[in-house]
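Here is a friendly tour of some side-chain contacts in this model. Keep the structure open as you read, and follow along residue by residue.

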Amino acid sequence: LGLDETELLPVSDDETEPLLKCIVAGQLHQLWVIEPGGEATNIADRSQRELSSGTVVRHSGLVAGVPFDLQVPTPKGLETLNLVNDVTAVDPQWLAELAPDLFQAKPGKVYYKSRFGSLATRTILTYNGRTFETAGVPLLERSRDNQRRFIELYGAWLHGQLEQDRRGW
């Protein structure tokens with residue numbers, strides 16, 4: 001093959017996004033919307049699977065991945081787990097860039113995202129006439145509008161948390 005002894009180097013920060021876009025471009029037919037419980041729904045055929053517990057991708061509302069059926073022995077016999085493996089998080093904006101004839105992406109509502117500790121913006125993704133709302137990306141721009149929104153949305157989120165705690169007593 002003519003392969004020489006080339007030193008392997010880690011992927012640099014400026015290479016990460018192009019590499020991820022290449023992976024997603026090759027899997028446009030295997031895009032999955034992920035629900036909070038880990039259920040995955042294919043956006044093309046609406047089949048449902050579970051996100052593999054072995055994935056390192058967390059808190060992504062949209063992923064590209066490979067369907068994989070795993071048979072495991074149980075006391076009742078073999079059970080088949082319908083999983084999605086080899087998962088890559090997808091930025092919905094990439095889809096509009098990679099396949100503009102198939103996908104349209106536009107900003108959705110702004111909300112408080114406790115995991116980020118900041119505001120986030122959801123993305124509205126349209127594919128084949130169907131619309132999906134995907135998990136948000138942090139909104140980090142400092143402005144009066146965003147400060148006002150943060151106070152309002154954080155307050156509403158905190159109120160909800162306190163109500164949950166109160167009901168748990």
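## Ground rules

A residue is called buried under 20% relative accessible area, exposed over 50% and partly exposed in between, using a 1.4 Å probe and protein chains only. The model is predicted, so local features need pLDDT of at least 70 and side-chain atom pairs count only at pLDDT 80 or more, while totals for chains, interfaces and linings use all residues. Residues are numbered from 1 along each chain as its sequence is written, and side-chain values use heavy atoms, with hydrogens and water left out.

## Aromatic pairs

Two rings of Phe, Tyr or Trp (its six-membered ring) pair if their centres lie within 6.5 Å; planes under 30 degrees apart count as stacked, over 60 as edge-to-face and the rest as tilted. The count by this rule is six aromatic pairs. In one of them, F103 and Y127 are stacked, at 4.9 Å centre to centre and 20 degrees between the planes. F103 belongs to strand β6 (residues 103-113) and Y127 to strand β7 (residues 118-127), so this pair ties together parts 24 residues apart in sequence. Strands here are DSSP runs of E with at least two residues, helices are runs of H or I with at least four, and both are numbered from the N terminus. F103 is buried at 1% relative accessibility, and Y127 is buried at 12%.

The rings of Y112 and W157 have centres 5.1 Å apart and planes at 50 degrees, so they make a tilted pair. Y112 is buried at 13%, whereas W157 is partly exposed at 28%. Together with F150 and Y154, these two residues form one aromatic cluster.

## Salt bridges

Side chains of opposite charge can pair when their charged atoms come close. A salt bridge here is a side-chain nitrogen of Lys or Arg within 4 Å of a carboxyl oxygen of Asp or Glu, and the count is eight. One of them joins E97 and K21, with the closest N and O atoms 3.0 Å apart. It links helix α2 (residues 92-98), which holds E97, with helix α1 (residues 13-25), which holds K21, across 76 residues. E17 joins K21 and E97 in a network of salt bridges.
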